[in-house]
Every structure is written in structure tokens, then in C-alpha cells.
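Here is a short briefing to read alongside the structure. It starts where the chains meet and then turns to what lies inside them.

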Amino acid sequence: GAVVSQHPSWVICKSGTSVKIECRSLDFQATTMFWYRQFPKQSLMLMATSNEGSKATYEQGVEKDKFLINHASLTLSTLTVTSAHPEDSSFYICSASLSGYEQYFGPGTRLTVT
Amino acid sequence: GQQLNQSPQSMFIQEGEDVSMNCTSSSIFNTWLWYKQEPGEGPVLLIALYKAGELTSNGRLTAQFGITRKDSFLNISASIPSDVGIYFCAAHGSSNTGKLIFGQGTTLQVKP
């Protein structure tokens, strides 16, 4: 139980284009979903908290116009990286919370912007 | 802000050895979680702790929620090569947002 999927698992895009990453909770309804970014050999950095039907709450320093988050249902959240640049290249991971305590993570999406 | 100090940063051990890692903080937390992350994958939840003093096992893994609520440790007994990965502690902060604070991670390498 508590399976979270992400799609795509990796993506390469050209600078200036937008990329959408999907996060789905497959066997439970998530009250909250979270988006993280991880650089090599570093810990996870929270980008935003997303609740179904409401606007996402972004962490300090994260540009909300650049990283658009839509939480359309209790099982789906999307992150769109708009006008991507090489510095946006990273490993993006989502998580979903059932009870508000435990977070279950997706497998991550490797974004490379050329 | 709230921070978790995780140690050691890395460990290189022989197969069969026991492993211990811990997380400490100057802040009090209500929930401690331990995750394992393998290269190119998302973290996988290993153990969740909800009460101060709680000791919980998951196979060869044992974790404890410190009595002061400011620390937690994870032990792995009789390590095997597939234990290789990065182990993260995480804890719920004082807000009710559900946000987790993560430690810096402990990289474990096991020599067969």
C-alpha cells in the first residue's frame, strides 16, 4: 500500500520550454502532496506544499510563477517548470501524505535542461 | 529555524557488521521518520515513530524516538550488501502543515 508514482521518470528539454511532471497516489487519497528538489549528494529541499482544490504554499525562495503546481484531485498533483533553464536541471521528487504524519515518496523525475 | 543534525555523514562497513546512526536537534518534535534512498530513486519509508521513548523494529532495523523528543537513532543489524544507500531522518516540526524537516543523510556502503 501507499504507492506514489511520478511521470515521466526522466525528461530532457531545451532551454525556454516548459515541462510538466505528474505525481499520483495510486492506492490512497492524499490529503496533502509535497514537491521536493534534490541536488547530487544533498538532502531533499522542500519546494511547496499542495492541498487538493487550493493554491500551493511555496517555500521561501521558490518562484511560484516558475514552478506551477496544480492539485486537481486527491490523487493527482502536477508540477510545471515554466521557461526552463539549465539551472533548473535537478531531481524532482513528490510525496503524498495520507494521515498528515507519514509521507510516501514517488520515484523521482530527473530533469535535464539543455 | 529547526534543523536536524544527522551523523555520521558516511559509513563504510564490512558485511555482517551492525550499523548505528542518529539525528539530534535543539528543537522538540512530535514524529520521527527514517527513510532509505537508493541512487536515482525516491526515499522509501522504513520506520515511523510517534511517541517519546518508542522503540520500533522493522526486520533488521530498529529505531527509537528519544525521551527528550529531540533525537532519534536507527540501528541496522547484520548488514548486507543491499543495505547500501542513503539513510535520512526526518521529523515533523511545530506547525500543523505536515511538512517534514530532513537530516543531511548518512551514506552507507557495505563491503561484501
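**Interface and cores at a glance**

Chain A and chain B bury about 1,500 Å² between them, with carbon and sulfur atoms giving 57% of that area. Please keep in mind that this is a predicted model.

**Where the chains meet**

- On the chain A side 19 residues are in contact, and they meet 20 residues of chain B.
- The interface holds 1 salt bridge. Its partners are A:Glu59 and B:Lys99, whose closest N and O atoms lie 2.9 Å apart.
- Polar contacts join 8 residue pairs between chain A and chain B.
- Four strands of chain A, β4 (32-38), β5 (44-51), β9 (90-97) and β10 (103-105), each supply at least two residues of the side that touches chain B.
- By type, the residues on that side of chain A are 10 nonpolar, 7 polar and 2 charged.

**Nonpolar cores**

- In soluble globular proteins, nonpolar side chains tend to be buried together.
- The largest nonpolar core here has 24 residues, and the members that touch the most others are A:Trp35, A:Phe67, A:Leu79, A:Tyr92 and A:Leu111.
- Strands β2 (10-13), β3 (19-25), β4, β5, β7 (67-73), β8 (76-81), β9 and β11 (109-113) of chain A each supply at least two residues of this core.
- Leaving aside residues up to four places away in sequence, A:Leu79 touches A:Val19, A:Lys20, A:Ile21, A:Trp35, A:Phe67, A:Leu68, A:Ile69 and A:Tyr92.
- Another core, of 23 residues, lies apart from the largest one and includes B:Phe29, B:Leu46, B:Phe65 and B:Ile76.

Notes. Residues are numbered from 1 along each chain as its sequence is written. Chains are lettered from A and ligands numbered from 1 in the order in which they are written. This is a predicted model: local features need pLDDT of at least 70, side-chain atom pairs count only at pLDDT 80 or more; totals for chains, interfaces and linings use all residues. Side-chain values use heavy atoms; hydrogens and water are left out. Contact means heavy atoms within 4.5 Å. Buried area is the accessible area (1.4 Å probe) that two parts lose on being put together, summed over both. A salt bridge is a side-chain nitrogen of Lys or Arg within 4 Å of a carboxyl oxygen of Asp or Glu. A polar contact is a pair of N or O atoms within 3.5 Å; within protein, one must be able to donate a hydrogen and the other to accept it, and residues adjacent in sequence count only if both atoms are side-chain atoms. Ala, Val, Leu, Ile, Met, Phe, Trp, Tyr, Cys and Pro count as nonpolar, Asp, Glu, Lys and Arg as charged, and the others, Gly among them, as polar. A nonpolar core is a set of buried Ala, Val, Leu, Ile, Met, Phe, Trp, Tyr and Cys residues joined through side-chain atoms within 4.5 Å. Buried means under 20% relative accessible area, exposed over 50%, partly exposed in between (1.4 Å probe, protein chains only).
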